[in-house]
Amino acid sequence: MTGARRWAPLLLCLLQSAPGRPLLAPPQNVTLLSRDFSVYLTWLPGPGNPQNVTYFVAYQSFAPPRRWRRVKKCAGTKELVCSLMCLEKQDLCNKFKGRVQAVSPSARSPWVESKFMDYFFEVEPAPPVLVFNQTEEILIVNATYQLPHCLPQPDMNYEVNFWKEGTKNKTRFPDTRHGQPVQIPLQPDTSGHHCLSARTIYFFGNPKYSEFSEPTCFFLEAPELLRTQTLRGNLSARWPRVPAR
């Protein structure tokens, strides 16, 4: 890293001394990566470039015609990341790659390209967001997702961990197809603070696992107490109180 900094000013001078319009140092470590079902192009600033540099991004599909298309939402961005998901005329069934160029008021860099990505084989799934409901004897858990709007419903399951807060013993339930609930039976003495966490299993080629979601912790009423409260509530509704005279 020290060596790169030492040579950066010389590299910039050589680039700017070339005939034609002055050049900026090209962006570095240009990478196309997936996270949470989305795709991002990331990069680092070119060494020695001024502070007022902005960036322009384009993408290209592997399928013909192989033309570069500008990513309008990242035109002139100062960020070092650009989402390449749900773009105009983008086909996720074909490989695609991105490129980025640094621009200042008086100069620009060469374009730098990433490698191609095959989305459905390389996508990294997101963990689910869990919603749950307690009945008298069962905790019903469902997985929900906020998927990119251009993504067809993927084939995936999810696994749920359930445990009492403060303990290390977690019960993992068999993987369940997305759209189907996980039903956790509650023992008569189940009460207190408990936690849920889950991960996604994405199927396209070899199964791919997401990280487990952040624990969601909550207070569980004992089934017997919940049943008593429900019974009292039903009786109260059925037999209204008579006002005192």
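Reply: The following account treats the disulfides and then the salt bridges. The model is a predicted one.

The count of disulfides in this model comes to three. When the bonded cysteines of the protein chain are numbered in sequence order, their pairing reads 1-2, 3-4, 5-6.

Let us begin with Cys74 and Cys82. Their sulfur atoms are 2.1 Å apart, and the two residues form a disulfide. The torsion about the S-S bond is 100 degrees, and the link of Cys74 and Cys82 is right-handed. As for accessibility, Cys74 counts as buried because its relative accessibility is 7%, under the cut-off of 20%. Cys82 has a relative accessibility of 1%, so Cys82 is buried as well.

The next disulfide joins Cys86 to Cys150, with a distance from S to S of 2.1 Å. Here the torsion about the S-S bond is about -80 degrees, and therefore this disulfide is left-handed. The pair links distant parts of the chain, 64 residues apart: Cys86 belongs to the loop between β5 (81-83) and β6 (96-103), while Cys150 belongs to the loop between β9 (138-144) and β10 (156-164). Cys86 has a relative accessibility of 23% and so counts as partly exposed. Cys150, at 28% relative accessibility, is likewise partly exposed.

The remaining disulfide is that of Cys195 and Cys217, with an S to S distance of 2.0 Å. Cys195 is part of strand β13 (residues 192-202) and Cys217 is part of strand β15 (residues 216-220), so this pair ties together parts that are 22 residues apart in sequence. The link of Cys195 and Cys217 is right-handed, with 100 degrees about the S-S bond. Cys195 has a relative accessible area of 2% and is therefore buried. Cys217, in contrast, is partly exposed, with a relative accessible area of 37%.

A further cysteine may be noted here: Cys93 is exposed, because its relative accessible area of 59% is over the 50% cut-off.

We now turn to the charged side chains. Side chains of opposite charge can pair when their charged atoms come close. A search of the whole structure finds four salt bridges, and some of them are described below.

One of them is formed by Glu113 and Lys97, whose closest N and O atoms are 2.7 Å apart. Glu113 lies in strand β7 (residues 112-113) and Lys97 in strand β6, so that distant parts of the chain, 16 residues apart, are linked. Glu113 is partly exposed, at 40% relative accessibility, whereas Lys97 is buried, with a relative accessible area of 12%.

Another salt bridge involves Lys208 and Glu124, with the closest N and O atoms 4.0 Å apart. This pair also links distant parts of the chain: Lys208 is in strand β14 (residues 208-209) and Glu124 is in the loop between α2 (119-122) and β8 (129-134), 84 residues apart. Lys208 has a relative accessible area of 18% and is buried, while Glu124, with 35%, is partly exposed.

Glu159 and Arg199 also form a salt bridge, their closest N and O atoms being 2.7 Å apart. Because Glu159 lies in strand β10 and Arg199 in strand β13, the pair ties together parts that are 40 residues apart in sequence. Glu159 counts as buried at 11% relative accessibility, and Arg199 is buried with a relative accessible area of 18%.

Technical notes:
Residues are numbered from 1 along each chain as its sequence is written. This is a predicted model: local features need pLDDT of at least 70, side-chain atom pairs count only at pLDDT 80 or more; totals for chains, interfaces and linings use all residues. Side-chain values use heavy atoms; hydrogens and water are left out. A disulfide is a pair of cysteine sulfur atoms within 2.5 Å. Buried means under 20% relative accessible area, exposed over 50%, partly exposed in between (1.4 Å probe, protein chains only). Helices (H or I, at least four residues) and strands (E, at least two) are DSSP runs, numbered from the N terminus. A salt bridge is a side-chain nitrogen of Lys or Arg within 4 Å of a carboxyl oxygen of Asp or Glu.
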